[in-house]
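Thanks for coming. I will walk through one structure today, starting with a sheet and ending with a single residue. Please have the picture open as I go.

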Protein chains: 2
Amino acid sequence: MELVKTVREIRTSLAPLRRRGARIGFVPTMGYLHEGHASLIRAARRENDVVVVSDFVNPTQFGPNEDFARYPRDLDRDRTVAAAAGADFLFAPSVEEMYPDGAGQFFVDVGPLAGHLCGRSRPGHFRGVATVVTKLFNIVQPHVAYFGQKDYQQALILRRMVRDLFFPLRITVYPTVREPDGLALSSRNTYLSPTERQEAVVLYQSLQEAGRSLAAGERDATRLRHRMEEVVGRADSSRVDYIEIVDPLTLLPLERVEKPALFALAVFIGKTRLIDNALFDPSGKELSADELFNRTWSEWE
Amino acid sequence: MELVKTVREIRTSLAPLRRRGARIGFVPTMGYLHEGHASLIRAARRENDVVVVSDFVNPTQFGPNEDFARYPRDLDRDRTVAAAAGADFLFAPSVEEMYPDGAGQFFVDVGPLAGHLCGRSRPGHFRGVATVVTKLFNIVQPHVAYFGQKDYQQALILRRMVRDLFFPLRITVYPTVREPDGLALSSRNTYLSPTERQEAVVLYQSLQEAGRSLAAGERDATRLRHRMEEVVGRADSSRVDYIEIVDPLTLLPLERVEKPALFALAVFIGKTRLIDNALFDPSGKELSADELFNRTWSEWE
C-alpha cells in the first residue's frame, strides 16, 4: 500500500490505472480507522481493481466549539489498518493541500436535508461534508464510493448530491459495525471513560427497544420516542441532543410509523456526542439503507 | 453531428470514446449561437478529438425579474451553427432533465467573487452558473472547457471553482468576438431596436477611450471611469448599471492603475442589459484573460 500526501501524486498514480480500465473504489474517512472503516475497505477490495482510502480530518465540517483540534489522529495505525483491509492507496493530504486558498471560497450548499437531525445541532456541518467530498470525488474520480450507515444523514445527503449534481459514480452504504454489546463503532468512542463506555450502549439499546415496541404493535411516534428516551435516561452520564423518528428520504418527522422509518438519535455521554440510527419497517424489522436508496433511485445516478 | 437530449444518452455516447483515450473538448452555451460561440467551438475542434456543445438556458442563473422566459431560443439554427463549427454532439437537455428533483436542493456557492460587478446587480446569478456548470462538467467529463472573455467574471469564477473544488479539467478563455463596429457579440443583442443597436457601440467605445487615456498617462481610476461614463452617456438610450476598474483576480476596486486592471461595465441600452470588459496594463495595452489566469495559476488545476 502506498501513502500519498498530495493531490498531484494521487492523480499521477491513478491516471495510468484508470486508462487501463481499472475500476476504482473509494473509502473517504477522517482516519483513526476502526473495524467499521475496515469493513468498507474490504467491501471496496472485493468489488474493485483499485482501492483508495482517504484520511483527512476536514476542518470545514466542524463547528467553532467542536472537537476539530482534539479529534483523534494516528496515521501509523491507519496505515496498518488500511493495508490489512486491502487498500492500495492511503491518501492523507494536509489541510493546506485540500484548501489551498483557505476555506471560504466555494462551498457545496446542501438544501433542506441539512436542516434536520445532526444538521440542526451542527450548522454548517453537512455543507463542509458535501464540499470536501466533492473535492475528494474530483481528485480520486472513483467508480464507487463507500459510506457507513452509522452516519445515515450524511449517506442520504451524499446520495442525493451525486444524483442532483450528476457525479459520475455510485455511492454504496454499508451497515453499521458494532461492538459486541451493540455500541456503534466510532472514532469518538475513544473519548469515553470506562464508565461512559459502558453507559454508551444505551443508544443501541434504545433502538432495540423501538424495534421491540414496533413488533408489539406500537405505531405512535411520540410514544415510541418516549420509550427510547426512557432507555437512554438509564445512563447517568447521558444527555439527549435529539431522538427522532422521521421519513428516511425527507427526514421530516413522522407522527405514526406506517411505512419504513428512520429512528435516529444523538446523545451526549459525558462530554462526548455520539449518534446511532436504525431503519425499521412498521413491523419492527430492520431494513438496509442501501437497499432503500437503491429502490428509491433505481436509475443510474 | 448528433443532437442529444438526455443525460443518459450523452454519457452513453461519450463513454466508449473516453475509454479509447479520446480528448473531449466542451463548450457550454445557453444556445442562440453566434460567432463568439462558433469561435469557441472551432478552438475546441482544433484541440480535441471530440467536441461537445451544450445548449441549455439555465433557469437558476436568472433572477425573478430577468429575461429567462423570453431569452432567445432557436435549436434548429443552433444545430446548423454548431455542426458548421465542428461540434460532434449538441447536448440540449430540458429543464426537467437538468433539475430532476426541482431546483433548490444542492447549489455550488461562490464566495466573495460573486459579490462584485454583475454579482451585485444579479444576486444568485453566479451561484446558478456554478451549479449548472458543475452538473455539466460531471455529465460531460471534458478534458478542457471553453469560455468567452466577454463574461469575464464568469470565466474567473469558474477558473477558481475548478481550482478550489479540484475538477479534473482545464478552463480556457478565448477573446471576445466583436461586430465590425466593436459591439461584443451577445445573444441578447437580438433584443435591440435598430437605433439601440447603433447606440450599443458605446460600451466598446468607452473601453477604447479608457485604453487611450491610459496610453496618455492617466492612472487615476475615478478620472478614467468618468471618461468612460462620458462616452456611454453619448447614447440617449443608455443607463449605466456599473462601470468599474478592478483588480482582475479579486475584483476589488482600484484607485490607481499601476498593474493590469479589469475595466468592466454593464449598461442598459433601452431595456436590454449589455456587458463588456477589457484587461489593460497601465500603458493601455490590452491583455488576454487566459494568459493572466495561466500566469497566476501555473500548476495543473
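Two strands are said to pair if DSSP finds at least two bridges between them. One more point before I use that: what you see is a predicted model.

Start in chain B. An open sheet of four strands has the order S8-S9-S10-S11, with antiparallel pairing. Strand S8 (238-246) and strand S11 (286-287) of chain B are at the edges, and each has a single partner strand, so one side of each is left without a neighbour in the sheet. Take the S11 end. Strand S10 (residues 272-280) of chain B pairs with S11(B) over two bridges, in the antiparallel sense.

Helix H9 (residues 202-215) of chain B lies across S8, strand S9 (261-269), S10 and S11 of chain B. Relative to S10(B), H9 runs at about 25°.

Staying in chain B, move to strand S6 (residues 144-148). How many of its five residues are buried? Four are, so-called mostly covered. S6(B) has parallel pairing with strand S2 (residues 24-29) of chain B, through two bridges. Within that pairing, Phe26(B) has Ala145(B) of S6(B) as its bridge partner. S6(B) also pairs with strand S7 (residues 170-174) of chain B, again in the parallel sense, over five bridges. There, the bridge partner of Tyr146(B) is Thr172(B) in S7(B).

Gln141(B) lies in the loop between H6 and S6 of chain B. Gln141(B) is not a glycine, yet it has a positive phi of about 45°. Is Gln141(B) buried or exposed? The cut-off for buried is 20 or more other C-beta atoms within 10 Å. Gln141(B) has 20 C-beta neighbours inside 10 Å, and therefore counts as buried.

Leu117(A), in the loop between S5 and H5 of chain A, has a positive phi of about 45° although it is not a glycine. Leu117(A) is buried, with 24 other C-beta atoms within 10 Å.

Now the contact between the chains. Chain B gives 26 residues to it, and chain A gives 26 residues. On the chain B side, the elements giving two or more residues are helix H1 (7-19), strand S5 (107-109), helix H6 (125-140) and helix H7 (152-165). Sorted by class, that side has twelve nonpolar, seven polar and seven charged residues. Strand pairing also crosses between the chains: strand S5 (residues 107-109) of chain A is joined to S5(B) by three bridges, and the two run antiparallel. Phe107(A) stands opposite Asp109(B) in S5(B).

On to chain A by itself. Chain A is divided into domain 1 (2-174) and domain 2 (187-290). Taken over C-alpha atoms, the centres of these domains are separated by 26 Å. The contact between them takes 16 residues from domain 1 of chain A and 15 residues from domain 2 of chain A. On the domain 1 side, helix H5 (118-121), helix H7 (152-164) and strand S7 (170-174) of chain A give two or more residues. Which element gives the most to that side? H7(A) does, with three residues. By class, the domain 1 side has nine nonpolar, six polar and one charged residues.

Next, a helix pair. The axes of helix H2 (residues 35-47) and helix H3 (residues 75-85) of chain A come within 8 Å and cross at roughly 40°. The crossing of H2(A) and H3(A) is right-handed. From H2(A), the residues involved are Ala38(A), Ile41(A), Arg42(A) and Arg45(A), and they meet Val81(A), Ala82(A) and Ala85(A) in H3(A). That contact has five nonpolar, no polar and two charged residues.

Last, the single residue. Ala261(A) lies in strand S9 (residues 261-269) of chain A. Ala261(A) has 26 C-beta neighbours inside 10 Å and counts as buried. Not counting residues up to four places away in sequence, Ala261(A) touches Ile245(A), Val246(A), Pro248(A), Leu254(A) and Phe280(A). Ala261(A) and Arg223(A) are 38 residues apart in sequence, and in space they are 15 Å apart, C-alpha to C-alpha.

That is where I stop.

Conventions. Residues numbered from 1 in each chain as written. Chains lettered and ligands numbered in written order. Predicted model: local features only at pLDDT ≥ 70, side-chain atom pairs only at ≥ 80, totals over all residues. Contact = placed C-beta atoms within 7 Å. Nonpolar A, V, L, I, M, F, W, Y, C, P; charged D, E, K, R; others polar. Domains from an automatic or database assignment. Axes fitted to C-alpha atoms, helices over the stretch in contact; angles between N-to-C directions. Left-handed = near helix turned anticlockwise from the far one by under 90°. Buried ≥ 20, exposed ≤ 12 C-beta atoms within 10 Å, placed from the backbone.
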